[in-house]
Amino acid sequence: MSIYLGDLKWKEAEQLSKDGGVVVVPVSALEQHGHHLPLDTDQRLVTSVTERSCQKAKSEKVPVVMTPAIWTGFSPHHMSFSGTITLEMDSFQAIIKDVCVSLWKHGFRKILLLNGHGGNAAILKAVVQHLRFDSKVRAVTASYWDFAIPFMKEWRKSDIGGINHACEMETALMLHLAEHLVNKDRCEKANWRPNSDYLTGDLTVGGVVSTAFDFKEVSEVGVVGDPSVATKEKGRVLFNEITERIARFLKEFYEWNWEEITSL
């Protein structure tokens, strides 16, 4: 059976739900990524990560499919740069809720919202809460890089501040997956270190407090991080690590019993 939900006939989808199949919903964005990466970077990366993770999980006998990626998300902080398309927060939440409620109605009980854009992350966590208590629908969410943060701390070449947006991580992954779309001559270091120990400018280092910035406040070119140290080979290594870790989660997720997971 295909890993793509859209390839299935409705009776196949019905059987998949009866078999306890896992559905992964990639969630992305269409937004600026500096001078060196394309606008659809987030969609390309989360789609590729989801595809490979599902393929690996399927090879371990996990019945898993993925939906088409939700191609735009919550990106008002990038609207100072041309080409960005953002949804209003209510619109974004409504789309995610409707997708999950539809899947739940058809009997799917294992839904992973796999995020590929930092600006979506907190909202997706809130949506999971709303779904549980407003619609009695269970789902889980994570950003794809969450699975490999401990690994990235050793993998990285950049200083702290080098992994954030259009950064070492995203550029390395794009060099591995779509090198022809990377303007390697424009990969310039643009680290941002906030002037407070309570904030963070790096995905691998959690900040104690959170706030919101327009990207124009922290970067003239739309980059926060150091793409100059990214390489195709390091992108291959990171891609394999991320997808292996997600595949392991999908295998465990398939075996979850919600009552046992939540039992005292």
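User: Which residues line the second largest pocket?

Analyst: This is a predicted model, in which local features need pLDDT of at least 70 and side-chain atom pairs count only at pLDDT 80 or more, while totals for chains, interfaces and linings use all residues. Residues are numbered from 1 along each chain as its sequence is written, and side-chain values use heavy atoms, with hydrogens and water left out. Rolling a probe the size of a water molecule over the atoms shows where empty space is left. A pocket is an open set of points on a 1 Å grid over the protein atoms alone, where a 1.4 Å probe fits, with protein on both sides within 12 Å along at least five of seven lines; lining residues have an atom within 4 Å of a point. The second largest pocket is lined by Ile-160, Arg-193, Pro-194, Ser-196, Asp-197, Leu-199, Thr-200, Gly-201, Asp-202, Val-205, Gly-206 and Gly-207. Its space comes to about 160 Å³, a volume being the space filled by probe spheres set on the points.

User: What is the volume of the largest pocket, and which residues lie nearest its centre?

Analyst: The largest pocket has a volume of about 1,200 Å³. Of its 43 lining residues, Gly-118, Gly-119, Asn-164, Leu-203 and Thr-211 lie nearest the centre. Helix α4 provides the largest share of this lining, five residues; helices here are DSSP runs (H or I, at least four residues), numbered from the N terminus.

User: How is a pair of aromatic rings described, and how many pairs are there here?

Analyst: Such a pair is described by the distance of the centres and the angle of the planes. Rings of Phe, Tyr and Trp (its six-membered ring) pair if their centres lie within 6.5 Å; planes under 30 degrees apart are stacked, over 60 edge-to-face, and the rest tilted. The count is eight aromatic pairs. Trp-192 and Phe-213 are edge-to-face, because their ring centres are 5.1 Å apart and their planes stand at 75°. Both residues lie in the loop between α6 and α7, so the pair ties together parts that are 21 residues apart in sequence. Phe-249 and Phe-253, by contrast, are stacked, with centres 5.2 Å apart and planes at 20°. These two residues are four apart in helix α8, separated by about one helical turn.

User: Are Phe-249 and Phe-253 buried or exposed?

Analyst: Buried means under 20% relative accessible area, exposed over 50%, and partly exposed in between (1.4 Å probe, protein chains only). Phe-249 is buried at 18%, and Phe-253 is buried at 0%. Ring pairs also link both of them with Phe-147, Trp-256 and Trp-258 into a cluster.
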